[in-house]
Amino acid sequence: MSERIVVVGFGPVAARLIDELLPAVRTGLVQLLVVGQETEAAYNRVMVAELGVGRTTAEALAMADASELESDGVDVRLGTKVKRIDRARQQVVLSDGTAEHYDRLVFATGSRPVIPNLTGLNPDPSRPVLPAGVTALRDLRDAAVLRAAVADGKRVVVLGGGVLGLETALAASEEGAQTTVVHNGPFPLGRSIDRGSGSVLTNSLRAGGVRMAGNARSTGIETSGPDGSFSALLLDDGSAIDGDLLVLSCGVRPRIELAEGCGLPTSAGILVDHHLRTYHEPHMFAIGDCAEVRCPDGSCVECRTATGPSGLVGPGWRQAEWLAEYLVVLARDGQAAADAVEALPMEKPGVVVLKARGINLAVAGDNQADPWDEELLEAGAASGRARRQISQWADPEHGRYVKMTTRGGVLEGLVAVGMPRTAAELVVLFERSSELPADRSLLLRLDGPDQIDAGATSNDPQRTVCRCAGVSAASIEDSVLDGCSTVGEVSKATRAGTGCGGCHGDIKGIIEKHFQAAAA
């Protein structure tokens, strides 16, 4: 008898889970119902800003085709909400009035944008009603609003100094809009980078045509534009930043209301164990932005220091792939066999990359200590464990900065601005927990004039090019040898480049290198 699985949510992570379950659906081992609140099937939400500035299309962002899934036997309900979950009857009650049974239920509800508590905005972040000229840039309709503003060369104000906000501001500026980034603190990305890299990044953003308003606390919005639309962001010092469109980029919050409503334990996200099962309910699972892996075993060292959901698509995809295997084994071989499946490995600290025309930034781990911060450098240096060491180099005039935080020669943190080859090598060393060369300056030379044609990692076929999907250079090169000649074709064959898009340039470089060699 087949198992009936209900997936609540139809974003990128749910799309990966469905894709992995399709073989089991085709053979009849699994019945699959997917409930999506939006009227569109899953698309790459991370790339919505690229769509908003006209650099890609909605078709290119699509990650699933509802009609194709239905032809394979998947029951897809678009434009439908799950109103509540009846755990006792194992049913989901839908907004169309129907109730559907499940044997297994997967929460893939993702996250919603944080709506700041500003005068003029709806104070209820779970049900925001934004005035005209204000968008959170989360879906295809938001992208259309940004596209219209950019096409008309309007003034775009971005509230928030995270990666997505900065990338949106840079892209909009490059396409002709007047952009201003407003953020708390002296520099953007303040939770991830240090003062030196923050100053260099700020100067690089300004050189890219983006106005920066730091140490700014917003209090409200003014809506004196046409038909009561946004006209200015008000600050606590009495000043205002005029604009035609306000883009809210203040982070996201996991969507956990359904889980809370049916009595499941939650924290920042829906609490799940290392098998992605919700507490006290083995029939229910959570993946992606809404899932917080923190098992109930108080002796688990990994979970003792675990943080909330990462907010990155890569970890969500790995959860989806793991859970698909688990669910198939469960349906085919039973609970004992499923329990024997090796638990999902804990995620390593993520690498954040910002790539734009003329700006390159990579950051990972802890970067707050400076070379002279003895207390921070000695932290954790007990029982013979080495103290932290800092290697730091800056060239603010040319927009370059590198900091390496090591312990026993192994990277614990890195930040690199304007040094793309050095950053690429440091990221590889960080992800592999490899020891750095004793002479750290060797890494800086990767961006020297004698390295224009080849970086340190360019000839390493095992390096990870797409961190979101975990695709190596060798896999991309194989797809090119098999006939792929564009980034889109490589993405379709390998899934590389289907996440944040930060690797598109690297994929293009591999393709060009292949065809240049063929022409020679």
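Predicted model: local features only at pLDDT ≥ 70, side-chain atom pairs only at ≥ 80, totals over all residues.
Which residue in β16 does V157 stand opposite?

V157 stands opposite L246 in β16. The two strands behind that pairing are β10, residues 155–159, and β16, residues 245–248; they run parallel and are joined by four bridges. β10 and β16 belong to an open sheet of five strands, in the order β9-β16-β10-β11-β12, and the pairing is parallel. What are the edge strands here? They are β9, at 134–135, and β12, at 210–213, and each of them pairs on one side only.

Next, look at the helices on this sheet. Helix α5, residues 140–151, lies across β9, β10 and β16, and runs at about 140 degrees to β16. Helix α6, residues 163–174, lies across β10, β11 and β12, where β11 covers 178–182, and this helix runs at about 165 degrees to β11.

Strand β24, residues 388–395, pairs with β25 in the antiparallel sense over eight bridges. In that pairing, I390 stands opposite T405 in β25. The two strands form a hairpin with four residues between them, and in the turn G399 has a positive phi of about 70 degrees.

On we go to β26, residues 410–417, which pairs with β25 in the antiparallel sense over seven bridges. Here M404 stands opposite L414 in β26. Again there is a hairpin, this time with two residues between the strands, and G408 in the turn has a positive phi of about 65 degrees.

So why is β25 described as largely enclosed by the rest of the structure? Because seven of the eight residues in this strand, 400–407, are buried.

Now for helices packing against helices. A handy thing to remember is that two packed helices are described by the angle between their axes and the distance between the axes.

Take α1, residues 12–26, and α10, residues 313–333. Their axes are 8 Å apart and the packing angle is about 25 degrees. That angle is why we call α1 roughly parallel to α10. The crossing of α1 and α10 is right-handed. If you want to find the contact on screen, the α1 side includes P12, V13 and R16, while W317 and L327 are among the α10 residues they meet as a group.

Then compare α15, residues 473–481, with α16, residues 487–494. Their axes come within 10 Å and cross at roughly 115 degrees. With that angle, α15 counts as roughly perpendicular to α16. The crossing of α15 and α16 is right-handed. From α15, the residues S475, I476, S479 and V480 meet V490, A493 and T494 in α16.

Last stop: the cysteines. How many disulfides are there? The count comes to zero, using the rule that two cysteine sulfur atoms must lie within 2.5 Å. For C290, the nearest cysteine sulfur is that of C262, 12 Å away, and C290 is in no disulfide. Is C290 buried or exposed? Buried, because its relative accessibility is 0%. C484 counts as buried too, at 11% relative accessibility, because the cut-off for buried is under 20%.

Technical notes
Residues numbered from 1 in each chain as written. Heavy atoms only, no water. Buried < 20%, exposed > 50% of the residue type's maximum accessible area, 1.4 Å probe, protein only. Pairing = 2+ DSSP bridges. Contact = heavy atoms within 4.5 Å. Axes fitted to C-alpha atoms, helices over the stretch in contact; angles between N-to-C directions. Parallel < 35°, antiparallel > 145°, perpendicular 65-115°, else oblique. Left-handed = near helix turned anticlockwise from the far one by under 90°.
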